[in-house]
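Here is a friendly briefing to read with the model open beside you. It starts with the chain as a whole and then goes through the sheets, the rings and a few loop residues.

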Amino acid sequence: ASVRNKYRLHSVLVHSGGINGGHYYAFIKPDLKDADDAQWYKFDDEHVSKVSSAYMLVYIRESDMDQILCDATQEHLAEHLRARFAKEQEDKERRRLEKAEAHLYTVMKVLGKNGIEEQIGEKVIFDLGDFEDAHRFRLPKKTPFAEFRAIAAKSLGVPIERQRWWTLHREEIQPIDALPVEHCRQKMHTSGSAPNELKLYLEDLGNKEPEVNRDEVCLFLKCYNPDRAELRFVGNFYASKHDKLTKYLPMMREMCGFDQDTPVDVYEEISF
């Protein structure tokens, strides 16, 4: 009697690794009676899990092989893909050159109040902001800082006379509603040699005095509203390092738009 050469796919054996070693696992459909609804499982040593399907097996009709497996050229790619690949190649080459010349340049990553306001609560929760999404300046290490300020003024729209620059360094993490301001100060970093990268906060002074009292520190304030589950960046202010932070609670409430009788808790942010 003749036998029908009709098969149902029962399992797929997969080898991961090289010719000298590796790991085997399998996709198996234990129940073949109901081929349409039967469940596939992945068997990986002692781990068994459901999967939506096994590997997809692709067949090519022999008469179409020359057409399907022809040599690929640029003309086979859509225009938007050609543009995308060209941009990726340009970026790759730029990163290669930057890496090779890193010892000659300093990369300045700059965040200002507007940039932080756009990030906080949306893509950033902790930290002052995402410096990978900041304004980026790549300058020779011998560039005078005055020259960089002029470049930043033109690019960021903050005149030189209204610029104040900060690099940020964290202190010990703990609640600070009753601690001296000194415990949560942001320090200005100075170094004898220019680093390869600087993360800077640009403060727009507006009508503020350009000089900072040596007894004052700069504090950055975020506001979390538990009723709305909303986090936002409020701004920065100056405080004497000899004062208790509670002295500045009225001003902090005003910056947040709260009534003076609104109860608030104040914390130093935890860095993960």
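Residues 24 or more positions apart account for 54% of the contacts in the chain with a separation of 6 or more, a contact being heavy atoms within 4.5 Å. This is a predicted model, in which local features need pLDDT of at least 70 and side-chain atom pairs count only at pLDDT 80 or more, while totals for chains, interfaces and linings use all residues. Residues are numbered from 1 along each chain as its sequence is written, and side-chain values use heavy atoms, with hydrogens and water left out.

**The chain as a whole**

- You will find five helices and 10 strands in the chain; helices (H or I, at least four residues) and strands (E, at least two) are DSSP runs, numbered from the N terminus.
- Of the 272 residues, 28% count as buried. Buried means under 20% relative accessible area, exposed means over 50%, and partly exposed is in between, with a 1.4 Å probe and protein chains only.
- The accessible surface of the chain comes to about 20000 Å², and carbon and sulfur atoms contribute 50% of that area. Accessible areas come from the Shrake-Rupley method with a 1.4 Å probe, and for residues only the protein chains shown count as cover.

**The antiparallel sheet**

- Four strands make an open sheet in the order S1-S2-S3-S4, and their pairing is antiparallel. Two strands pair if DSSP finds at least two bridges between them.
- Strand S1 (11-18) and S4 are at the edges with a single partner strand each, so one side of each has no neighbour in the sheet.
- From one strand to the next, the twist averages 25°. For such angles, axes are lines fitted to C-alpha atoms, for helices over the stretch in contact, and the values run from 0 to 180 degrees between N-to-C directions.
- Eight bridges join S1 to strand S2 (residues 21-28) in the antiparallel sense, and Gly18 has Gly21 in S2 as its bridge partner.

**The mixed sheet**

- Another open sheet has four strands in the order S6-S5-S8-S7, with mixed pairing.
- Strand S6 (135-140) and S7 are its edge strands, each pairing on one side only.
- Here the twist averages 35° from one strand to the next.
- Helix H4 packs on this sheet and touches S5, S6, S7 and S8, with its direction at about 150° to that of S6.
- Strand S5 (residues 105-112) runs parallel to strand S8 (residues 197-204), and six bridges join them. Gly112 has Leu202 in S8 as its bridge partner, while Leu111 has Tyr201 in S8.
- S5 and S6 run antiparallel and are joined by six bridges; Val110 stands opposite His135 in S6.
- Seven of the eight residues of S5 are buried, so this strand is largely enclosed by the rest of the structure.

**Aromatic rings and charges**

- The whole structure holds eight aromatic pairs. Rings of Phe, Tyr and Trp (its six-membered ring) pair if their centres lie within 6.5 Å; planes under 30 degrees apart count as stacked, over 60 as edge-to-face and the rest as tilted.
- One of these pairs is Phe148 with Trp165, which counts as tilted because the planes are at 50°, with ring centres 5.0 Å apart.
- That pair links distant parts of the chain, since Phe148 is in helix H4 (residues 145-156) and Trp165 is in strand S7 (residues 163-167), 17 residues apart.
- Both Phe148 and Trp165 are buried, and they form one aromatic cluster together with Phe137 and Phe145.
- The charged end of Lys42 sits over the ring of Tyr25, 4.7 Å from its centre. A charge sits over a ring if NZ of Lys or CZ of Arg is within 6 Å of the ring centre and within 35 degrees of the ring normal.
- Arg138 lies over the face of Tyr105, 3.9 Å from the ring centre.

**Loop residues to look at**

- Asp45 has a positive phi of about 55° although it is not a glycine. This residue lies in the loop between strand S3 (40-44) and strand S4 (47-51), and Asp45 counts as exposed at 59% relative accessibility.
- Ala229 is not a glycine either, yet has a positive phi of about 50°. The loop holding Ala229 runs between strand S9 (216-225) and strand S10 (230-240), and Ala229 is exposed, with a relative accessible area of 56%.
- Gly121 is in the loop between helix H3 (113-119) and S6, where Gly121 counts as partly exposed at 31% relative accessibility.
- The C-alpha atoms of Gly121 and Cys223 are separated by 9.9 Å, and the two residues are 102 residues apart along the chain.
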